[in-house]
Amino acid sequence: MTKLVTIDRHIIDQERLHPGASGRFSSLLYDVALAAKIISREVNMAGLIEDIMGKTGDTNVQGEEVQRLDDYAQEVMIKAMDHSGHLCCMVSEECEDIIPIPEKFKKGKYVLLFDPLDGSSNIDVNVSIGTIFSVHRKVSPGEDGTLDDCLQAGRKQLAAGYVVYGSSTMLVYTTEYGGVHGFTLDPSIGEFLLSHPDIRIPDPPSKTYSVNEAYFSRWSRGQQQFVEQLRGTANEPGLGFRSRYIGSLVSDFHRTLLTGGIFMYPRDRTSPEGKLRLLYEAAPLAMICEAAGGRASDGDRDILDLVPEGLHARTPLYLGSSDLVSMAEAALKAG
Ligand code: AHG
Ligand code: MN
Ligand code: MN
């Protein structure tokens, strides 16, 4: 058996490696891990618990139908994080505006931005879903979080991570000190144990691409030609890639991180900015992808260099093995 390293122990060890690291971030990560355990328990029981599946009947700021588990995960994240004393505000996919820290709680120097439940359309059919989070430092004066503290380029993130509620529950994170580390939840002891230290995107990558090809006819010619180059056409053999698309960004990215390949959510005629959100989907996964040796682009620029214009700004997204992301950018330019 390899040595047992809990996420708490790992965070402390990482802190020791980087004297500049502040303990404040570490306790933030503990709280996120706690929230992940609670959401995982609910997700894994979803089929058995009255009224946790299905839709709430509401529509969120994204114009999407809200699943009960979206609301639940959102509440758990807020209740686990709002009294930590480390945050000046929060941003959630499910809330139109900044989530302030209640007056009764101490405020801190960090901003937490998150997608409480990613892949909601997969909840009721028992397909993997996830949670994505991003941490920024407060940059504006005063103790309350402002838009300036939230609308920062991904390159400025202090840390980023995701939880995937799959055949096992895993938490994967990186910090400004680099390194991507994966922990698997042992539900029998309620601990996240280090299972994937120092994740690097494999090179050469697996020949896998991930995109929703139902939108093929809406794509630019360059995007269509790139996918045809990967999978071939009736007349051309192409590069012999296979397709894998789960429809949960966290799961499609997690597979891409561990095996290599490319995940794409392109812009198209009906969604000129793409569908995925920059602040709490693209930017945190981009930080992890680059830290693991990959690339993350909007098809033209690095995701981490984009400055968001709004809390729910969307972006086209190309994530994965560097060479494949660069090939996609070249195909889009030539198209
Ligand atoms: P969310 O459930 O947080 O709204 O995210 C859903 C996203 C993402 O998880 C996934 O990659 C994408 O929606 C799938 O979109 P399509 O169904 O258009 O392919
Ligand atoms: Mn999402
Ligand atoms: Mn979501």
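Both Asp118 and Glu281 are buried, that is, under 20% relative accessible area, where over 50% is exposed and in between is partly exposed (1.4 Å probe, protein chains only). The model is predicted, so local features need pLDDT of at least 70 and side-chain atom pairs pLDDT 80 or more, while totals for chains, interfaces and linings use all residues. Residues are numbered from 1 along each chain as written, chains are lettered from A and ligands numbered from 1 in written order, and side-chain values use heavy atoms, without hydrogens and water.

Start with the metal. Asp115 (OD), Asp118 (OD) and Glu281 (OE) coordinate the manganese ion (ligand 2) at 1.9 to 2.1 Å. Donors here are N, O and S atoms within 2.8 Å of the metal (3.2 Å for Na, K and Ca); water is not among the atoms, so sites may look incomplete. The spacing of the donor residues in sequence is D-x2-D-x162-E. Asp118 sits in strand β5 (residues 110-118) and Glu281 in helix α7 (residues 278-291), 163 residues apart. Strands (E, at least two residues) and helices (H or I, at least four) are DSSP runs, numbered from the N terminus. Asp115 also bridges to the manganese ion (ligand 3), and the two ions lie 3.7 Å apart.

Now turn to ligand 1. β5 gives the largest share of its shell, 3 residues. Polar contacts (N or O pairs within 3.5 Å) follow. An oxygen atom of ligand 1 is 2.8 Å from a polar backbone atom of Gly119. For Ser120, the backbone distance to a ligand 1 oxygen is 2.8 Å. Tyr245 places a polar side-chain atom 2.6 Å from an oxygen atom of ligand 1.

Note on methods. A polar contact is a pair of N or O atoms within 3.5 Å; within protein, one must be able to donate a hydrogen and the other to accept it, and residues adjacent in sequence count only if both atoms are side-chain atoms.
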